[in-house]
Amino acid sequence: MDRLWGLLQRAQRLSPRPSQTIYKRVEVPHQGRLEEEEDDQEEGAELPGSFCPMELKGPEPLGPRPGLPSVPWTAAGRRAAPYLVLTALLIFTGAFLLGYVAFRGSCQACGDSVLVVSEDVNYELGSDSHQATLYWSDLQAMFLRLLGEGRLEDTIRETSLRDRVAGSAGMAALAQDILEALSGQKLDHVWTDTHYVGLQFPDPAHPNTLRWVDETGRAGEQLPLEDPEAYCPYSATGSATGKLVYAHYGRPEDLQDLRARGVEPAGCLLLVRVGVTSFAQKVASAQAFGALGVLIYPDPADFSQDPHKPSLSSLRAVYGHVHMGTGDPYTPGFPSFNQTQFPPVESSGLPSIPAQPLSADIASLLLRKLKGPVAPQEWQGRLPVSPYRLGPGPGLHLEVNNHRTSTPISNIFGCIEGLVEPDHYVVIGAQRDAWGPGAAKSAVGTAILLELARTFSSMVSHGFQPRRSLLFISWDGGDFGSVGSTEWLEGYLSVLHLKAVAYVSLDNAVLGDDKFHAKTSPLLISLIESILKQVDSPNHSGQTLYDQVVLTNPSWDAEVIRPLPMDSSAYSFTAFAGVPAVEFSFLEDDQAYPFLHTKEDTYENLHKMLRGRLPAVAQAVAQLAGQLLIRLSHDHLLPLDFGRYGDVVLRHIGSINEFSGDLKARGLTLQWVYSARGDYIRAAEKLRKEIYSSEESNERLTRMYNVRIMRVEYYLLSQYVSPADSPFRHIFLGRGDHTLGALLDHLRLLRSNSSAEASSSRLTPGLGFQESRFRRQLALLTWTLQGAANALSGDVWNIDNNF
């Protein structure tokens, strides 16, 4: 510093007088002064001590000074030195500010990359830890190493050997074992929730029966039900008599096709195949078309024809509930903590006609008796009947005597509390109960759930501290329609829609090893893609799961992504509670797993079906789910793609536009939907830019953004319909007049305007297009979407509607 002052003083003494101002150091006992002197001016007053101790003196005359050489160019350089220093500082400061602004501005143009999680995201340990910062690669390596120490295969085998029908003594014993297993891990909380639900079981004293009916209408010989324990929970009880009709999969389009071919399903018993749609959807469609009852059988054509793989016995029937909904159908919309608190009410999804599963052998016997037109080629199956005919056939009398029982079921919970956002939960769950051995149905999921709980507990011991809380849940009552999970959601809905970030389901995770599907909310698609690129394929060495997928279809999401079906436990989380959810499944060449929901769903059959690769496939599912949990529980910014729903609406608008001419002729318009969609897209883009222009270290802002992101799914639940009357309020995934699907079905009636089409479209049979109903549907859809756009915009003063 002293040398610098010396140089400045020498430069002052050599500078010209007329137009120069020179800085000169002034010695002051306690503080510096800044003075400026002209030829005739005295020193100025003292300034605050924060100023540099200098004075400004006017220039002195030119000329040689005693003791100094007269070198003109050297003198000029010395005179310019302070200006060069100041100029350099100004340039550096300007360049720094310009670069900073440019960097922030360029990020706003990054688009969807806001949702791609960086590989360099660091995960800091608590202040009481002496370990180094953990990066994503560190956490990934730690997770994979600790996961490899588990015993997945042994747990699958042991669980599948245990009797675990909901409400049974075997289930109570298994629940206690799982509770003890979770209590033995390093979890912050372990507890259970008990619900008293109405479940339906066969009556051993009065078994269900199927009889021939003679020409006079009298019930005759009884057909042997070779798998008498198989039944359809929540079937209507009582009897039904009518002629038999073959109706393929029992979809609305199948029943419409029957009518078009001159075969009327109304007043008949329908014989339908397992697959494509759920049992509940088959029965609901049959009821809508006036059928009196439904018989459901497994056709070999719907399963793998590989002679080297095991196949379902022709004597086996397939179990499946027929409640068109989830949860306890006797307390719809309310939690079943104590049924006596609520008046006796039943879900509108309970059928009014009986249903019963049959074996393939009994179905063959019935198909041989059918007359009438030959079924279409795509309806032909692989039973020893050629050809399949539509009917009608001989008369049948079906009697169903199932009885309802109030049954206690228990969900089991384990929790690792988050460090920064402990009130935000990432939930992972698996069904525990099973009607039969349930190896694929629930033993695999239970084993993976326990292994993940153990692995994350070990990670905590090694320094991992998730930002958000992790909930590990073992569900009861899943075989009766996700009863345990739905009752929990109903009981804590007012809390969960504010705190649940996402749900990962482990049910039906391993049904093969050739194909991979993810039934998911659109919000999770980008994250799933990222994780697939980091998980090794279980049956293609040297490839990731993503590589395996794009080999068969370059459009990976078209190959992998599927909508959430109602028979998935993840469905209620999204369609009822507004929480983004996903369920993974490995499948066998897109063929159904033949033993699902049968007494043959054993560990041995699952092991044979996968040709010994069960441990590898289960490990791949565990890796996929575990890395998904790490990202969701620890990323500073939630990796949920909140812009995806704009694309979902855009895809549907293409279908809606087909009817714009028909609507215009009636003086109607869809402009409201277009405007709401535009507002949603703008709100999503605005939020992206806000996130990019903010500081990641600002925890207050990060939490505000995360709250807005995690509630996007909830914003899409219609606030204009009652949860008790329409529990699945999601406008894209739900059921009811408020949904986009219902609006499209109604618009299709503009072209046909027939009662048959109304029936197949889930509208009131006998009614065509109704303008008043359309206007109401349009308003429900539009204002729910507009509300989502407004909520995504943030504060009310930031909302910019172009409505």
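The legends below describe an overview and several close-up views of one predicted protein model.

In this predicted model, local features need pLDDT of at least 70 and side-chain atom pairs count only at pLDDT 80 or more, whereas totals for chains, interfaces and linings use all residues. Residues are numbered from 1 along each chain as its sequence is written, and side-chain values use heavy atoms, with hydrogens and water left out.

**Figure 1. Overview of the protein chain, with its 25 helices and 20 strands.** Helices (H or I, at least four residues) and strands (E, at least two) are DSSP runs, numbered from the N terminus. Of the 803 residues in the chain, 53% are buried, where buried means under 20% relative accessible area, exposed means over 50%, and partly exposed lies in between (1.4 Å probe, protein chains only). The accessible surface of the chain comes to about 34000 Å², and 54% of this surface belongs to carbon and sulfur atoms; such areas come from the Shrake-Rupley method with a 1.4 Å probe, and for residues only the protein chains shown count as cover. Among contacts between residues at least 6 apart in sequence, 77% join residues at least 24 apart, contact meaning heavy atoms within 4.5 Å.

**Figure 2. The crossing of helices α12 and α17.** The axes of α12 (residues 525–532) and α17 (residues 614–634) come within 10 Å and cross at roughly 125°; axes are lines fitted to C-alpha atoms, for helices over the stretch in contact, and angles run from 0 to 180 degrees between N-to-C directions. The two helices are therefore oblique to each other, on a scale where angles under 35 degrees count as roughly parallel, over 145 as roughly antiparallel, 65 to 115 as roughly perpendicular and the rest as oblique. The crossing of α12 past α17 is right-handed, a term used if the near helix is turned clockwise from the far one by less than a right angle, with left-handed used if anticlockwise. On the α12 side the contact is made by Leu527, Ser530, Ile531 and Leu532, and on the α17 side by Leu624, Gln627, Leu628, Arg631 and Leu632. By class, this contact has six nonpolar, two polar and one charged residues, where Ala, Val, Leu, Ile, Met, Phe, Trp, Tyr, Cys and Pro count as nonpolar, Asp, Glu, Lys and Arg as charged, and the others, Gly among them, as polar.

**Figure 3. The crossing of helices α18 and α20.** Here the axes of α18 (residues 644–657) and α20 (residues 671–692) come within 10 Å and cross at roughly 160°, which makes α18 roughly antiparallel to α20. The crossing of α18 past α20 is left-handed. Tyr645, Gly646, Val649, Leu650, Ile653, Ile656 and Asn657 of α18 meet Tyr674, Arg677, Tyr680 and Ile681 of α20, and by class this contact has eight nonpolar, two polar and one charged residues.

**Figure 4. Helix α8 and the strands that cover its buried residues.** In α8 (residues 360–368), the residues Ala360, Ile362, Ala363, Ser364, Leu366 and Leu367 are buried. Their cover includes the strands β7 (209–213), β9 (238–246), β10 (269–273), β11 (293–297) and β13 (395–400).

Figure 5. Leaving aside neighbours within four places in sequence, Gln548 is in contact with Asp513, Asp514, Ser537, Pro538, Asn539, His540 and Gln543. The C-alpha atoms of Gln548 and Lys515 are separated by 8.8 Å, although these residues are 33 residues apart along the chain. Not counting residues up to four places away in sequence, Glu559 touches Lys515, Phe516, His517, Val549, Thr552 and Asn553.

Figure 6. Most residues other than glycine have a negative phi, and most peptide bonds are trans. His248, in the loop between β9 and α6 (252–260), has a positive phi near 55° and is buried, with a relative accessible area of 4%. Asn508, in the loop between β17 (500–505) and β18 (515–520), has a positive phi of about 55° although it is not a glycine, and Asn508 is buried at a relative accessible area of 10%.
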